[in-house]
Amino acid sequence: MFQHMQNARNRALSMVRAGVRAGDIDAEARAYFDQHGLLNRLLHRTGHGVGLRNHEGPYIAEGSNEILEENMVITIEPGIYIEGVGGYRHSDTIRVTKDGYEVLTTFPTDLVDMTITKSNILAKLKGKFIQKYLKL
């Protein structure tokens, strides 16, 4: 499911550039999900604008006629959600450029790099100290 989400994300990203209709980007991600029988696993749009508020136009959503302009900041965050399991989503913050986009998010995008494989005893001790100090 994670790879399907990433594939839809990559299809959406391939469309991002100034002059593109926001709804067309959402349609590209939805087309991927539809091809793989996952449309019933969606709960939200592919993305939205970021500015003075966290969620604002342009909405990267079905039917949106808003046109992307250079230097707009948007998110690309298609998600797949499975009841009883959880969700698969990676939210990227993107600056629209004339010929494409710049990813502003610096977090890893592949599952291996995002997976915690070792226990970090120092972090656990720090967490216990903070909990005790704050009386949580």
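**Entry 1**

I began with Arg-21, which counts as partly exposed because its relative accessibility is 25%; I take buried as under 20% relative accessible area, exposed as over 50% and partly exposed as in between, with a 1.4 Å probe and protein chains only. The model is predicted, so I note that local features need pLDDT of at least 70, that side-chain atom pairs count only at pLDDT 80 or more, and that totals for chains, interfaces and linings use all residues. Residues are numbered from 1 along each chain as its sequence is written, and side-chain values use heavy atoms, with hydrogens and water left out.

I then looked up the partner of Arg-21: its side chain meets that of Asp-24 in a salt bridge (2.7 Å, N to O). A salt bridge here is a side-chain nitrogen of Lys or Arg within 4 Å of a carboxyl oxygen of Asp or Glu. Asp-24 is partly exposed, at 30% relative accessible area.

**Entry 1: Other salt bridges**

I found 6 salt bridges listed for the structure. Side chains of opposite charge can pair when their charged atoms come close.

One of them joins Arg-30 to Asp-26, with the closest N and O atoms 2.6 Å apart. Both residues lie in helix α2, 4 residues apart, which is about one turn of the helix. Arg-30 is partly exposed at 22% relative accessibility, whereas Asp-26 is buried at 1%.

Another joins Arg-89 to Glu-77, at 2.7 Å between the closest N and O atoms. This pair links distant parts of the chain, 12 residues apart: Arg-89 is in strand β5 (residues 86-89) and Glu-77 in the loop between β3 (73-76) and β4 (79-82). I recorded Arg-89 as partly exposed at 43% relative accessibility and Glu-77 as buried at 6%.

**Entry 2: The chain as a whole**

I counted on DSSP runs for the elements, numbered from the N terminus: helices are H or I of at least four residues, strands are E of at least two. The chain has 4 helices and 7 strands, and their order from the N terminus is α-α-β-β-β-β-β-β-β-α-α. Buried residues account for 31% of the 136 residues.

Gln-6 is buried at 6% relative accessibility. Leaving aside residues up to four places away in sequence, Gln-6 touches His-90, Thr-109 and Asp-110, where contact means heavy atoms within 4.5 Å.

Leu-13 is also buried, at 4% relative accessibility.

**Entry 3: Lining of the largest cavity**

Which helix gives the most residues to the lining of the largest cavity? I found helix α2 (residues 22-35), with 4 residues. Among the lining residues are Asp-26, Ala-29, Arg-30 and Phe-33; lining residues have an atom within 4 Å of a point on a 1 Å grid over the protein atoms alone, and a cavity is a set of points where a 1.4 Å probe fits but cannot get out.

**Entry 4: Helix α4**

Last, I looked up Ile-130, found in helix α4 (residues 121-133). Ile-130 is partly exposed because its relative accessibility is 37%.

Key:
1 Å grid on protein atoms, 1.4 Å probe; cavity = no way out; pocket = protein on both sides within 12 Å on 5 of 7 lines; lining within 4 Å.
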